[in-house]
Amino acid sequence: MRPLKLVMSAFGPYAGQTVIDFSKLGEQGLYLITGDTGAGKTVIFDAVSYALYGQTSGGVRDANMLRSQYADADTPTFVELEFSFRGKCYRVKRNPEYRRPAKRGNGMTKEKAGAELFYPDDRVPVTRMSEVDKSIVELLGLNHKQFTQITMIAQGQFRKFLDTNTDERSKIFRDLFHTYFFQQLQDKLKQDAAAKRNEFLEQQRRSEQALNGISCIYPVYTEQLQSFALRHYEGCVEEVLALVDTIITLDEKEQQQVAAAAAIVTKNLTALQDSLGAIAKKQQIEKYMQTTDARIVSMQKQLEQEAAAAVQRQEALQKLEAEVNEAQKGEVELAQLQTERQQLAARQRELLQLQDMQQRYQRQEVALLQKRQEYKQACDNFNHLNEQSDACFDRFLGAQAGLLAHDKLKPGKPCPVCGSCEHPQPVQLAQDAPTENDVEQARAKAEAAQKIRDGLIGEGKALKEHLELDKTLLIGKGVELLGCDDLKLIAEKAQAELKDVNNKITSLRLKMGFLQEKVEQYRKLARTLEQQKAADKQAEAAAQNLRQQLAGAEGQLQELKKQLAEQNELLTDVDEQELQQEHEKLLAQQRELELQDKRLYAAIKNNQRIKQEVSGYEARRAACEAEYSLINSLSATLNGTLTGKKRVNLETYVQMHYFDKILQRANVRLLHMSRGQYELCRDKMQNADSKTGNSKTGLDLEVKDYYSGNLRSVKTLSGGESFMASLALALGLADEVQSCAGGIQLDTMFVDEGFGSLDDSSLQQAITTLQGLSEGHRLVGIISHVHDLQEIIDKKILVRKKRGEQGTGSEIELAVD
């Protein structure tokens with residue numbers, strides 16, 4: 001991947017739109033990114049990283065903090081990167097979420113984060129952020145962490161990587177080389193071993209808890225069980241279960257004896273209950289006889305009262321029927337009056353309609369008269385205005401000579417009429433002479449008055465036609481209703497007859513109101529009559545039912561007397577008190593035997609259950625113990641916790657392999673930069689102690705000094721030596737990550753700071769090493785303040801802070817010699 005052009009708008013310290021054309025830097029070699037402190041040199045790589053992955057290079061700047069504080073409110077924030085990959089050009093554009101002025105109104109609104117990826121062919125651009133992230137990873141073959149580790153050599157971060165211990169370095173390798181699986185396998189085995197041990201202990205706890213619940217009523221066996229419980233049943237479960245079998249056998253024999261005694265008591269109790277049942281039956285019969293006798297007396301009294309009430313109801317019904325027949329006559333008369341009223345109402349409507357026609361005819365007569373007066377006024381107005389128009393036109397014609405002399409005759413110019421150039425006596429223009437415009441206005445007024453007059457002619461003609469038609473209809477209606485064709489007589493007769501009809505209707509309304517009250521009274525009496533008849537039927541049905549109940553009760557009383565006589569014969573010479581005392585004694589014995597049987601049954605079932613449960617617990621405990629022994633041994637091996645062994649877990653062992661390959665690549669460059677003095681070495685743990693607690697070993701780092709022949713800690717290196725070691729280690733790590741990522745070759749790299757601690761010779765060695773990285777069409781950008789680098793490196797990106805009249809923020813200048 002090689003960047004071709006980077007556009008930053010309101011991004012970081014860059015207030016406006018800033019463009020960096022990387023294509024002008026060539027296809028290989030070193031270039032320097034230099035400038036003021038805090039001007040935004042590292043932001044360039046942040047912009048590249050954000051455009052591709054939506055994240056900055058170091059992870060320090062959050063995406064929501066990227067909008068420039070120097071930018072105008074209307075300037076959009078985005079980053080756009082054009083880059084080439086495998087000979088094809090791509091373009092990606094992103095913007096973070098930020099606040100901007102609303103397009104409508106004066107407030108602010110939120111601009112949502114967005115991303116777009118454009119392909120070099122005809123494929124549709126990808127516009128969803130998650131799909132752009134996925135497409136970039138698929139295209140480049142690197143995720144964000146791998147990309148920043150390969151392309152961005154940050155000196156401060158890799159000095160930490162140089163000095164860190166095995167635990168911290170293992171975390172870094174876990175992300176870079178995806179050794180999560182080995183860690184997860186270690187943790188899974190550790191969890192499985194702990195879970196299996198807990199399961200083993202749980203089965204043991206359940207077994208002990210179950211054995212503590214053994215039921216035993218035999219003192220000699222109870223003492224044995226207590227002694228076993230004090231040892232928590234360790235190693236004696238089988239012996240305890242054998243003892244449980246013995247206790248169950250004894251309980252079953254005891255239960256058989258109790259059952260035999262209970263059978264004898266039950267037999268005696270059954271015989272005694274038969275005698276007591278006969279006594280209870282006699283008492284019950286006597287009670288039923290008393291109740292039945294009382295019911296018979298009550299029902300006889302009710303029947304007598306019902307007979308008297310039936311006579312009263314019959315008399316009331318006869319009286320009510322007579323009143324209904326009398327009131328019914330008013331309903332017939334009311335129907336006749338309603339018919340008469342409807343006929344009068346129909347005649348009233350016809351007469352009212354005739355009056356409406358007559359009033360409409362009179363209104364039209366008045367309207368026609370008014371229209372004739374308007375027409376006369378319009379004629380007078382038209383004649384007056386027409387005369388004024390003709391007079392104005394005559395004056396206008398008479399003033400033409402004066403107008404010609406006033407407008408056309410000039411000294412020395414020919415007359416348009418006679419052609420003479422001398423004009424001794426021109427005609428004077430009259431003071432009240434009308435103009436052509438006055439003539440037109442007068443003619444327009446006359447024409448408007450004429451149109452009004454002509455319009456009134458048509459309106460008057462239409463009104464007259466309507467009046468004649470309404471007159472014809474009115475006369476026809478008068479002949480039809482009144483037999484009269486004179487308009488005046490029609491009006492008089494219609495008014496007189498309408499008055500008579502209205503008086504009749506008023507009289508009928510009063511009479512009908514009186515009859516309506518009688519009809520309502522009739523209907524109310526009719527409803528009451530029906531209710532009384534229904535109540536009478538219900539009362540008769542109730543009386544009949546009561547008579548049937550009385551007959552049944554009398555028969556039942558005779559049957560009870562017969563049964564009482566039979567019971568008296570059976571209970572001759574029987575002492576009820578003695579029978580009752582014997583019954584209570586047998587019941588107490590029966591209850592005691594039932595309690596003993598239930599207690600023995602519960603004890604037997606409980607002990608049988610305990611034996612079955614404990615057998616299952618012991619079987620599962622033995623299986624769990626065997627599985628725990630196997631899993632725990634395997635977990636200790638993979639987690640590096642075997643007693644007497646070096647504390648190297650499986651993940652660290654795999655990471656040691658990667659670390660050795662990184663050091664091989666790093667030492668090629670470190671030996672060159674240190675002129676053969678230093679080589680990085682992994683601590684081989686010859687002196688590692690297996691009893692050092694939980695700290696891991698295997699990824700610790702030392703440096704070999706070939707000048708002294710000794711191994712020593714990397715923390716003893718000077719500042720410049722540490723930078724060379726860190727740079728070599730970073731480059732080795734980047735090469736190894738790139739190799740593990742499928743051999744992907746990136747055509748660009750950034751190295752951030754750290755050169756200020758080198759002497760001239762070491763600086764030259766470091767530059768030579770980086771120049772070696774730039775071979776094969778690779779561009780290497782160095783971010784630094786060191787002045788000597790500005791003399792050595794020709795191609796530069798200069799970053800400056802703007803101040804004063806130039807504005808605020810930062811600007812970029814490309815310098816290519």
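**Exercise 1. Find which helix holds L671, and work out which surface patch L671 belongs to.**

Step 1. L671 sits in helix α13, residues 650-673. Helices here are DSSP runs of H or I with at least four residues, strands are E runs of at least two, and both are numbered from the N terminus. A quick word on the model: it is predicted, so local features need pLDDT of at least 70 and side-chain atom pairs count only at pLDDT 80 or more, while totals for chains, interfaces and linings use all residues. Residues are numbered from 1 along each chain as its sequence is written, and side-chain values use heavy atoms, with hydrogens and water left out.

Step 2. L671 has 30% relative accessibility, so it counts as partly exposed. The cut-offs are under 20% relative accessible area for buried, over 50% for exposed, and partly exposed in between (1.4 Å probe, protein chains only).

Step 3. Look for its patch partners. L671, Y706 and Y707 make a nonpolar surface patch of about 320 Å². Patch residues have over 30% relative accessible area and no salt bridge; nonpolar side chains (Val, Leu, Ile, Met, Phe, Trp, Tyr) are joined within 5 Å, like charges within 9 Å. The areas come from the Shrake-Rupley method with a 1.4 Å probe, and for residues only the protein chains shown count as cover.

**Exercise 2. Sort the residues of helix α7 into buried and exposed, and say how the buried ones are arranged.**

Step 1. Size up the helix. α7 covers residues 219-230, 12 residues in total, and reaches 17 Å from its first C-alpha to its last, close to the 16 Å expected at 1.5 Å a residue. That expected span is 1.5 Å times one less than the number of residues.

Step 2. Pick out the covered positions: Y221, L225 and F228 are buried. Seen down the axis of α7, its buried residues fall within an arc of 60 degrees, so they line one face of the helix. The arc is taken over the directions from the helix axis to the C-beta atoms. As a reminder, an α-helix has 3.6 residues a turn, so residues three or four places apart point the same way.

Step 3. Turn to the other side of α7, where P219, E223, Q226 and L230 are exposed.

Step 4. Step past the end: H232 follows α7 and has a positive phi, near 55 degrees.

**Exercise 3. Trace the pairing around strand β4 and find what stands opposite V79.**

Step 1. Start with cover. Strand β4 spans residues 78-85, and seven of its eight residues are buried.

Step 2. Find the neighbours. β4 pairs with strand β1 (residues 2-11) in the antiparallel sense over seven bridges, and β4 also pairs antiparallel with strand β5 (residues 88-95) over seven bridges. Two strands pair if DSSP finds at least two bridges between them.

Step 3. Zoom in on V79. V79 is the bridge partner of M8, and V79 also stands opposite R94 in β5.

Step 4. Follow the turn. β4 and β5 form a hairpin with two residues between them, and R86 in that turn has a positive phi of about 55 degrees.

Step 5. Go back to β1, which contains A10. A10 isn't a glycine, yet its phi is positive, about 50 degrees. A10 is buried, with a relative accessible area of 0%.

**Exercise 4. Describe salt bridges of this structure by where their partners lie.**

Step 1. Get the total: the structure holds 18 salt bridges. Each is a side-chain nitrogen of Lys or Arg within 4 Å of a carboxyl oxygen of Asp or Glu.

Step 2. Take E111 and R100, whose side chains meet at 2.5 Å, N to O. E111 lies in strand β7 (residues 108-111) and R100 in strand β6 (residues 98-101), so this pair ties together parts that are 11 residues apart in sequence. E111 is partly exposed, at 24% relative accessibility.

Step 3. Compare a pair within a helix. E202 and R206 form a salt bridge at 2.9 Å, N to O. They are four residues apart in helix α6 (residues 180-211), which means a separation of about one helical turn.

Step 4. E613 is partly exposed at 27% relative accessibility, and R609 is partly exposed at 39%.
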